[in-house]
Each structure stands twice: as C-alpha cells, then as structure tokens.
Amino acid sequence: MNLVKKFQAAIKKINGVHFDKYANLTRILMRNEYPTPDQIEQADDLVLDVRSCDCSDKDLSDYKMDTITFDSKTIFPSELDKLPEGFDIKKIMENGKNPGLGINNLHKQGIDGSGVSIAIIDKPLSEHAEYRDNVVRYEKIGPNEEKNGTMHGAAVASIAVGKTVGVAPKAKLYYFAARISEGKGDKRHKVSKYYAKALDRIVEINKSLPDNEKIVVVSVSASPSNSVDSELWAEALKRAKDNNIFVTTTDLIAEYGLFDNGLKREVLGNPDNPVSYSKPKWWNVTKAEEQQKVTLAFPMDHRTTASPTGDTDYTHYVSGGWSWMKPFEAALYALAKQTDRTITPEQFFEIGLKTGTYSKKAEAVIANPVALIEEVKERKRIRDLQKLKLLSRDM
C-alpha cells in the first residue's frame with residue numbers, strides 16, 4: 001500500500017466514513033446508442049451522452065456543442081473537423097464548475113457554509129476529492145440497488161459542498177443513501193418508507209448535536225410525497241419541520257407553499273451573469289407573469305460536477321434537471337443560515353424574490369445570492385439594534 005492509500009485509509013478509520021466503490025461507466029460508443037442531431041433538436045430531453053466513451057473514431061461535427069454530456073474519461077476525436085464548431089472541451093468543463101450568480105464572491109467574504117451542516121438523501125456515494133472531507137456521516141437506509149457509487153450521488157454532493165464546484169464548500173455533509181422505488185417492470189412503484197426513515201435519522205442525529213452544528217436543511221432530489229405510502233413521508237416531514245429543519249424536495253409547492261424552478265445556462269455563457277440563463281428546454285409550461293414573479297429559480301443545467309468514476313474525475317452535464325437544482329437551493333439556504341440562524345424557509349424565499357432578478361427568458365425570478373445575503377445581514381443588523389435598544393431601555 002502506497003503512502004497516499006495509507007493516508008486515505010487512516011482518515012477513514014478516524015471519521016468512520018466508508019464510501020462506495022467507484023462506478024465503471026466505460027463503454028464503446030456504438031451508432032445505435034446515441035440520437036442523431038435532428039432527434040436531439042426535436043426532443044425536449046435528449047442529449048448526446050458520451051460519458052466514459054471512446055469516440056475517437058466518430059464524427060461528431062454535426063452536433064451542437066451545447067448538446068454533449070461528457071466526462072474526464074471521454075476520448076474525443078483528435079481532428080478538430082470531427083468536433084462541433086467552437087467545442088472547447090477544457091473551457092466547457094471549467095466554466096461549468098463555477099456555481100454561478102456570484103457565489104464565489106460570497107466565498108471570498110467567508111460566506112461559505114462554515115459552521116453549518118447540510119444533509120442529503122439520495123443514491124449511493126463514492127469518494128471524491130470535491131467533498132470527501134466534508135462528509136461527516138454516510139449511512140445506507142434499507143436495501144440499495146446500486147452496489148457502487150452513482151453519478152447522482154456524486155453530482156448532488158459536489159453541487160452542495162464541493163470544494164471547487166459547490167455552493168457551500170465549508171459546510172458539513174450528512175449523507176444518506178436510500179431508494180425511492182421498488183419492484184420491477186410494470187410493477188415498479190415509488191415508495192417513501194426509506195426516505196422517511198432517513199429523514200427520521202436526521203432528526204434523531206440533530207438532537208445530539210450542539211446548536212451551532214445542527215443540520216439546517218435537507219436536499220431531496222425526488223418527491224416522496226407522490227408515493228404509494230406517502231403518509232410515511234408526511235409524518236416524517238412534519239417531525240423535521242417541528243425540529244426547524246428545512247426539507248427541500250421536488251414537491252416544494254405542496255409541502256411548503258413555495259414556488260421554485262431550475263435554470264438552463266448557455267454552455268459558454270458567464271455563469272455569474274443572469275442574462276446567461278433561461279428556462280430549461282423541457283419546461284414547456286408557460287405560467288402567468290404573476291406566477292413567474294413568485295417563482296425563485298436556481299442554476300441546474302450545464303453544470304460540471306464530481307464524477308463517480310474516480311477521485312478527481314468530473315462530468316459536464318447538459319441537463320441536470322431539478323435534481324441538480326435542489327442541492328444548489330439547499331446550500332444557498334445554508335449560507336443564509338450561516339449569516340442568520342433565525343431565518344426560515346419562508347423568509348429565505350421572500351428575500352430571494354425581493355433581491356432576485358425577474359427574467360422573462362427564465363420565466364421566473366433568478367436568485368441573486370450576493371444581494372440575498374446582504375439583505376439577510378441587514379435584517380439581522382436591524383433586529384440586533386432593536387434588541388440593544390430594548391435592553392438599554394430596561395436597564
């Protein structure tokens with residue numbers, strides 16, 4: 001065993017975190033395995049997925065560069081005329097690592113999740129340099145279909161707390177792997193019992209943590225409330241709410257009465273500029289403008305995240321869907337909690353809508369994290385001054 005592996009083994013022994021094995025996605029790209037450029041153009045949810053593929057002998061020049069999902073192990077043609085026009089692999093990968101909307105400026109101010117704990121309930125997780133030092137607990141709840149780490153787990157963990165791609169890179173992460181469905185084929189159905197059990201574990205763990213280390217938010221890239229045993233989730237959610245834990249799921253409207261959505265970014269657009277964002281291609285529902293103006297939106301598409309294939313591997317996803325939006329939203333809430341521990345989910349959304357940028361292109365209010373945190377700071381300052389005045393009057 002070399003020194004690096006000995007060191008990693010020693011760290012695992014100290015903190016008790018044992019990650020799942022790396023996923024093996026390697027395959028040879030066959031002609032019948034990927035859609036044509038025309039099929040991608042006409043569909044709402046198709047992309048050219050060449051993760052871990054050797055497509056060195058393929059001609060990809062007819063594809064648009066914003067339709068290709070790839071990772072660190074993808075082997076592209078060496079001839080430029082076999083690649084899409086303007087396809088700069090390194091630039092796309094690096095551009096996608098930026099969380100966007102000024103998040104990195106908050107990190108420079110020390111608003112980085114320090115002293116805050118986040119939880120995620122999702123699929124199994126493999127080790128990665130982006131988040132391994134943040135993970136203080138990793139548990140598997142019930143049976144898990146995947147024996148190795150998953151792309152979903154690596155992505156949501158890194159978007160939330162990743163060192164270079166995360167919204168809250170200094171936050172502690174409690175991770176729970178659980179399945180959201182059971183059965184096979186036509187008998188497959190959504191269940192909430194494992195997610196509910198994981199949420200109850202979070203509530204239980206929180207009771208043993210000091211106030212300044214409690215888990216403040218749980219990211220769930222699923223809707224357990226729409227399962228055959230939804231009552232189990234409803235009961236667990238109530239217990240979490242009663243313990244002041246914000247649980248953000250893909251059914252936030254029903255569970256909190258709050259409206260959110262995700263944002264597509266131009267593949268090489270400036271991640272910090274709201275102009276670079278629009279509604280996702282698959283979001284074909286146009287709501288009234290008054291509804292759009294109470295919908296708070298967060299980045300999700302054209303993100304580069306940790307990959308489950310290796311400790312320093314990355315994947316650039318054309319589309320992450322709400323799955324990638326949820327950990328961003330949860331981690332931004334954690335930054336607000338770092339600023340003011342008293343903030344509630346309702347206040348977070350109210351401030352987000354007030355300080356955000358309404359965009360007709362996005363059909364929502366695009367969150368402005370810097371302005372949001374400044375408003376949270378100002379409200380806390382005013383509240384603290386009022387308390388001081390009351391104390392002075394009573395002395």
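L48 is found in strand β2 (residues 48–49). Strands (E, at least two residues) and helices (H or I, at least four) are DSSP runs, numbered from the N terminus. The model is predicted: local features need pLDDT of at least 70, side-chain atom pairs count only at pLDDT 80 or more, and totals for chains, interfaces and linings use all residues. Residues are numbered from 1 along each chain as its sequence is written, and side-chain values use heavy atoms, with hydrogens and water left out.

L48 has a relative accessible area of 0% and is therefore buried. Buried means under 20% relative accessible area, exposed means over 50%, and partly exposed lies in between (1.4 Å probe, protein chains only). Leaving aside residues up to four places away in sequence, L48 touches Y34, I40, L60, Y63, T67, I68 and T69. Contact here means heavy atoms within 4.5 Å. F176 is 128 residues from L48 along the chain, and the two C-alpha atoms are separated by 31 Å.

Cysteines were examined next. A disulfide is a covalent bond between the sulfur atoms of two cysteines. The criterion was a pair of cysteine sulfur atoms within 2.5 Å. A search of the whole structure finds zero disulfides. C53 is in no disulfide, and its nearest cysteine sulfur, that of C55, is 6.2 Å away. For C55, the closest cysteine sulfur is that of C53, and the 6.2 Å between them is too far for a bond. C53 counts as buried at 1% relative accessibility. C55 is buried too, with a relative accessible area of 0%.

Two packed helices are described by the angle between their axes and the distance between the axes. Axes are lines fitted to C-alpha atoms, for helices over the stretch in contact, and angles run from 0 to 180 degrees between N-to-C directions.

The axes of α5 (residues 151–161) and α10 (residues 321–339) come within 8 Å. They cross at roughly 30°, so α5 and α10 are roughly parallel to each other. Angles under 35 degrees count as roughly parallel, over 145 as roughly antiparallel, 65 to 115 as roughly perpendicular and the rest as oblique. The crossing of α5 and α10 is right-handed. A crossing is right-handed if the near helix is turned clockwise from the far one by less than a right angle, and left-handed if anticlockwise. On the α5 side, the contact involves M151, H152, A155, V156, I159 and A160; on the α10 side, S323, W324, P327, F328 and A331. Nine residues of this contact are nonpolar, two are polar and none is charged. Ala, Val, Leu, Ile, Met, Phe, Trp, Tyr, Cys and Pro count as nonpolar, Asp, Glu, Lys and Arg as charged, and the others, Gly among them, as polar.

Helices α6 (residues 193–207) and α7 (residues 230–242) have axes that come within 8 Å and cross at roughly 15°. That makes α6 roughly parallel to α7. Their crossing is left-handed. K193, Y195, A196, L199, D200 and V203 in α6 meet L232, W233, A236, L237, R239 and A240 in α7. The contact of α6 with α7 has nine nonpolar, no polar and three charged residues.

Backbone angles were also considered. Most residues other than glycine have a negative phi. L101 has a positive phi, near 55°. L101 lies in the loop between α3 (89–95) and α4 (103–108) and counts as buried at 5% relative accessibility. H302 is not a glycine, yet its phi is positive, at about 55°. H302 lies in the loop between β14 (295–299) and β15 (303–306). At 1% relative accessibility, H302 counts as buried.
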